Amino acid sequence: MSPIDVKSPKHCEEKGFKVEKLFPKKKLFFCFSTISLSILSFIFLLYLTLHPTKPNFTLREADIYQLNLSGPRQLLNSSIQLTLVSKNPNKKVGIYYDELQVFASYKGQQITLHTSLPPFYQGHEDSNFLSALLIGNGLPVDPYFGYEVQRDQSVGKLIMNLKGSGRLRWKVGTWVSGKYRFNVDCVAIMPFGSSLPSGPLSFRQGAQCSTTL
């Protein structure tokens, strides 16, 4: 019977044979895959948490106290009081409103100056009432402005846009995001008969505003 020659792995390496260590490589691959999957899962959950829904704005009421032309140049004087409701629809994300300016427009023309509202923080699913008095003194408008107002009066309604723009930040726990610009557009349709009312032209129906972020 011929002798059996049993060679050790070390002996094989000395002879030029390559010994594969499969088990450590498999273990390393498994650990790397587990870590990568955990990181991807964490990023996905973080994205879901930090992908908040934009705030909702509602025009609660608006009153036009003054909207008339004066002087030979037919400059506009205006005075408009409005109330907005801002709502944060997010359950886990707060909102810092760092800037918010509102103004009124009519037929594409700005009819008041910008009015700045004070900065504020809005908690999870909170709502805030925002009131502002919009003023315009001696504003230049297009020559057909008076004609457009008279035509709306003959139709029996006046359509005005109340707009806002600003910057906000999201807050999740102690983390606060960078600033994001947002814009708000609200439409108020007011009864406007042939005889001027004793009080202001008023909007009391409430209307959902469009918000872009």
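## Exercises on a predicted model

Residues are numbered from 1 along each chain as its sequence is written, and side-chain values use heavy atoms, leaving out hydrogens and water.

**Exercise 1. Find the place of Val187 and say why Val187 counts as partly exposed.**

Step 1. Val187 sits in strand β10, residues 180–191. Strands (E, at least two residues) and helices (H or I, at least four) are DSSP runs, numbered from the N terminus.

Step 2. Buried means under 20% relative accessible area, exposed over 50%, and partly exposed in between (1.4 Å probe, protein chains only).

Step 3. Val187 has 38% relative accessibility, so this residue counts as partly exposed.

**Exercise 2. Describe the disulfide of this structure.**

Step 1. There is one disulfide, a term for a pair of cysteine sulfur atoms within 2.5 Å.

Step 2. Its partners are Cys186 and Cys209, with sulfur atoms 2.0 Å apart.

Step 3. Distant parts of the chain are linked here: Cys186 is in strand β10 and Cys209 is in the loop between β12 (207–208) and β13 (210–212), 23 residues apart.

Step 4. The torsion about the S-S bond of Cys186 and Cys209 is about 105°, so the disulfide is right-handed.

Step 5. Cys186 and Cys209 are both buried.

**Exercise 3. Work out how the buried residues of helix α3 are arranged.**

Step 1. In α3 (residues 145–155), the buried residues are Phe145, Glu148, Val149, Asp152 and Gln153.

Step 2. Down the axis of α3, these buried residues fall within an arc of 140°, so they line one face of the helix. The arc is that of the directions from the helix axis to the C-beta atoms.

Step 3. An α-helix has 3.6 residues a turn, so residues three or four places apart point the same way.

Step 4. Gln150 and Ser154 are exposed, on the face of α3 turned away from its buried side.

**Exercise 4. Which phi does Gln74 have, and where does Gln74 lie?**

Step 1. Most residues other than glycine have a negative phi.

Step 2. Gln74, although not a glycine, has a positive phi of about 55°.

Step 3. Gln74 lies in the loop between β1 and β2.

Methods: This is a predicted model: local features need pLDDT of at least 70, side-chain atom pairs count only at pLDDT 80 or more; totals for chains, interfaces and linings use all residues.
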